[in-house]
Every structure is written in C-alpha cells, then in structure tokens.
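Please read each point with the structure in view.

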Amino acid sequence: MSDPAQASAERPAKDTSATGKITVLGLAMMTVAAVVSLRGLPLMAVEGTTLLFYISFAAFIFLIPAALVAAELGGMFAHSTGGIYDWVKAPFGARAGFVAIWLQWIQNVVWYPTVLAFAAASLAYVIGRPELADDGIYTGSVIIAAYWFATLIALTGTSAAARFTSTGFLLGTVVPGLLIIALGAAWIADGQTMAFLDSTSVTGGDAHLRFFPHITGLSSLAFLGGIVLLFAGVEVHAVHANELKNPARDFPKAILLSVVIIVALFLLGSLALASIVPANEIALDQGPMQALQIALKEFGLSWLVPILALLIALGALAGVMSWITGPSRGLLRTARDGELPPFLARTNKNGVQITILLIQGGIVTVLALLYFVLKNVSVAFFLLSAMTITLYLVMYMMMYAAAVRLRLTRPDAERSYKVPGGLGGLIAVAGIGFAGVAFAFITSFFPPSQLPVGSPATYVGVVTAGFVIFIGLPILIHALKRPSWVQNQARTDEQT
C-alpha cells in the first residue's frame, strides 16, 4: 500500500548519490513497517507447516520482484509524488493510470473493515468477553464506529494522527508480535505439545510433517492470495531508492535485509501461534489474542491479556489512521487533473479531501454490514480480504507491464536504479512477478476449503460482483469524463 499524492508531469530523476538521505538499514526498516502486521499471523498459522510453502512463494515470487520493479519505476519518477498513477499513466495513458490509482484506493477501502474487525476482536478481550469476537453484530458495529472516529480525526488535519500512528505501530504491533514469538519459544521449551503437529498426515503409521499443501483443487490454495496480500506494500518506499548513497548497490541490500526480517517475523510469529492454538480453533480475526490468552494463562500471567489486547486494538486503529487520508489524496489529485467530477476535489478548511473521505466512509459502512448477515465472522473477514486481493493484484499486474513497456519505449530515460540484467533481466523479474500475481489472483475467486463458507456459489458470486463493480467504476467514470471537469476544477482551485 502506498501514499500516492499525485503529480501529472514526469521529470528526470535527480542524482542524490553524493548526498544519500537514507541508509540501507533505514530503508529496510521502513519497508518492514509498511508490510508487517499481526493481522496476517492467523491466516498463515491455520496452514500449519505448509505455511513454509506459502511464505516462500510470497517472498520469492511476489515480494522481491515487486520491490525491484517498483524501485526502477520510483527511480525513473524520482521527483514525482504520483506513485502508481504516474508509473502506469506514462506508458499506457491517463485512463490506465486512473484505473491503477483507483484500484490502489479502493482496495484500501475494502481492507479497512478487515483491520478493524481485528481491532474489534481484541477489544472483546479487553472487556473480558472474548466470545463477542464471534458476534457479527458486535464486530460490524465496532468497525463502523471506529472507522468514523478515525475519519473525524483525519478531517481535522492534525499532526497528532501521525504521532498516534508511529506510537501505535510500536506498541500495538512490534511489542505484542515479539511477545508472541517469545511465548511460542517458551511454550516449546516448557515441553508443551506443539498444536500444529496434530495436523500432520499419517502414512503407514508414521507421522510426518507436510511442507506442501495437499492440493485437491484450487480451493485448497485459496489462502495463497490472502498470504500474498500480507506481503504487499513493499512498493511504498521503493520510490526512495534514489535517496540512497548508491542506489544500484544499496537498494538490493536494503531489499534483501527487509525480506529476511519480514519473512523471519511472519514465520516465527505464525509458527508460535500455530504451536499454541490448534489449527481448527484459530479464528482469522483473533488468532494472536487466542495465543496470548492460552500461553499467558499457562505461565500465570493472565492479567496481561486485557493490556495486550488494548495495545493490539490501538495498533490496528493506528494502521487504519495511517492510510485513511493517504490513498485518497491520489484521487484528489486525479480530480484536480479532471479525471473525476469537480465536487470530489472539495477540501475543508484544513485542506483535507472531505467529499472523498465521506464517500470512503459510506463504502466502509456498507461493507461492514456483511458482518451483520454472515454467521461466521472468519468467513466475512476472509470474504472482504478476497475482494481486496483481487483488486490489489490487478494493480500489481499493471505495474509490471508498465515497467517493461517503459524500458522498451524509453530506454534512455534516467533511472537511479535499474533491475539488473538489462532488458532480459527486467522481463524475467517482472515476468515471474506477473505470473505469481496472476496465479494468486485466480485462486482468490475460489472459496477456501479451510473455512465453512456455506454456499460456494454465493461466495464466488459476492467476490466476483465486488471485483466487477469496483474495477468497472473507474472505467465508467473515465468514459463519462467531460472537458468541463478540468475547467471547473481550475475555477475551484482559484476560489480556494
């Protein structure tokens, strides 16, 4: 996920090699912060030891190619704050650029309810009523209330939101995450049975670990898209590659370091959770809290549960606040470029895009209603995640295609970083990334065999309808585009 305030003009990259502003370690940690979230641990832990396959796929087929390609594009548009909008617009035109930034925005909107469902589940532990985490009405109500609370704060334009975000990430993600890993290690050291061993297959009376999924159809791999999405967001800070002292040398180091840290945190965290909580009991929206409650009770530290639950809830809310205005600024820029009706470019006295945020809040509210009608909270959680996946992965496909086309059509354009190996190297890296994303995209439309989704046809219908509607809207809006939108917006800018 990125923070794309848009700019329409491409300017040559500035050489900052002599005055590097970011260190290798600094860029690596920025990337880790953009990707890692406790919300993803249950999704991987449910898979037991096969999570090694999923993590490897996500790291080598998605994470690394996405980072390298985004770095080249970021280096080419070093002075543009447009991100994916400019990257795709340059080779494929305004409509494609608009679709790309729209997908980046709307996938965030669909993503918000899943993050806040995670917060709602944690709050249930704060008040000593963990059973509420399975109540759809409770979860949906908390999502709606929390999101509008975050929106009201965002509308003030205060810098307090930025401080809350950084503090929330540290206290609500880093601290509980490291504690889960430590508790998992202590659980094993204490001689407790590792829960994921109960799910090992037995052949000829000998138990053995399964490191590859038991594939009976694409439904068996439905979680693949969700796990790939957990590694998304690496493109956020790739635009800073040109701020390294030597981008060509230092960026690969930063990416390699971030990949090692991200994989280690996800791997150790999910294995710790899988060791403590049996796979068939893991709830996608409350897995970390389940592990903390069981382990802390075992070690006589149950009094810590509500405190950690509150921290995790604050961390999830901080994650929402960090994104609530960022991607919508991308739409604000496209509105000012005449890609959207002028009323969508309206801002309040604090310069915040009020119309877009209100529409964004309305969509989140409607999506949260799914929790009111679906009996299983984990199914609602994953259903919304599947919608998010399909939209975001299409954006990545557009990014890979844009990088290759720009290397073909503008080979001499200045780039502070290039994917190694010349044109062939770029095609190979982008090709691997595109193929991996395309496969994960396809599996996202299949109902997961790991969850009681009810009617498979209904599940597929809802995901497909969401995808068609949300990807069709920007195409429809662009088709209805009027020259007066630019002229009207110019007058609006003069008045404000």
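1. Helix 5 and helix 11 cross in a left-handed manner. In this predicted model, the two helices pack at an angle of about 165°, and their axes lie 7 Å apart. Because angles over 145 degrees count as roughly antiparallel, helix 5 is roughly antiparallel to helix 11. Helix 11 spans residues 305–323.

2. Which residues of helix 5 and helix 11 meet? On the side of helix 5, they are Asn108, Trp111, Tyr112, Val115, Leu116, Phe118, Ala119, Ser122, Leu123, Tyr125 and Val126. Helix 11 contributes Val305, Pro306, Ala309, Leu310, Ile312, Ala313, Ala316, Leu317, Gly319, Val320 and Trp323. By class, this contact of helix 5 with helix 11 holds 19 nonpolar and 3 polar residues, with no charged residues.

3. Helix 5, which covers residues 94–126, also packs with helix 4, residues 84–92. The axes of helix 4 and helix 5 come within 7 Å and cross at roughly 155°. This angle makes helix 4 roughly antiparallel to helix 5. The crossing of helix 4 with helix 5 is right-handed.

4. The residues of helix 4 that take part in the contact with helix 5 are Ile84, Tyr85, Val88, Lys89 and Phe92. They meet Ala94, Ala96, Gly97, Phe98, Ala100, Ile101 and Gln104 in helix 5. Sorted by class, the contact of helix 4 with helix 5 comprises 9 nonpolar, 2 polar and 1 charged residues.

5. What is the angle at which helix 1 (residues 24–35) and helix 9 (residues 247–276) cross? Their axes cross at roughly 40° and come within 8 Å. Helix 1 and helix 9 are therefore oblique to each other. Helix 1 passes helix 9 in a right-handed crossing.

6. In the contact between helix 1 and helix 9, helix 1 supplies Val24, Leu25, Leu27, Ala28, Met29, Thr31, Val32 and Val35. From helix 9 come Asp250, Phe251, Lys253, Ala254, Leu257, Ser258, Ile261, Ile262, Leu265 and Phe266. The residues of this contact of helix 1 with helix 9 divide into 14 nonpolar, 2 polar and 2 charged.

7. A search of the whole structure finds 2 cavities of 30 Å³ or more. The largest cavity holds about 80 Å³ of space. Its lining consists of Arg39, Gly40, Leu43, Gly226, Leu229, Leu230, Leu284, Phe381, Phe382, Ser385 and Ile389.

8. Which elements give two or more residues to the lining of the largest cavity? They are helix 8 (223–230) and helix 15 (377–409). Helix 15 gives the most to this lining, with 4 residues. By class, the lining of the largest cavity has 7 nonpolar, 3 polar and 1 charged residues.

Key:
Residues are numbered from 1 along each chain as its sequence is written. This is a predicted model: local features need pLDDT of at least 70, side-chain atom pairs count only at pLDDT 80 or more; totals for chains, interfaces and linings use all residues. Side-chain values use heavy atoms; hydrogens and water are left out. Axes are lines fitted to C-alpha atoms, for helices over the stretch in contact, and angles run from 0 to 180 degrees between N-to-C directions. Angles under 35 degrees count as roughly parallel, over 145 as roughly antiparallel, 65 to 115 as roughly perpendicular and the rest as oblique. A crossing is left-handed if the near helix is turned anticlockwise from the far one by less than a right angle, and right-handed if clockwise. Contact means heavy atoms within 4.5 Å. Ala, Val, Leu, Ile, Met, Phe, Trp, Tyr, Cys and Pro count as nonpolar, Asp, Glu, Lys and Arg as charged, and the others, Gly among them, as polar. On a 1 Å grid over the protein atoms alone, a cavity is a set of points where a 1.4 Å probe fits but cannot get out, and a pocket is an open set with protein on both sides within 12 Å along at least five of seven lines; lining residues have an atom within 4 Å of a point. Grid points are joined across faces, edges and corners, and a volume is the space filled by probe spheres set on the points.
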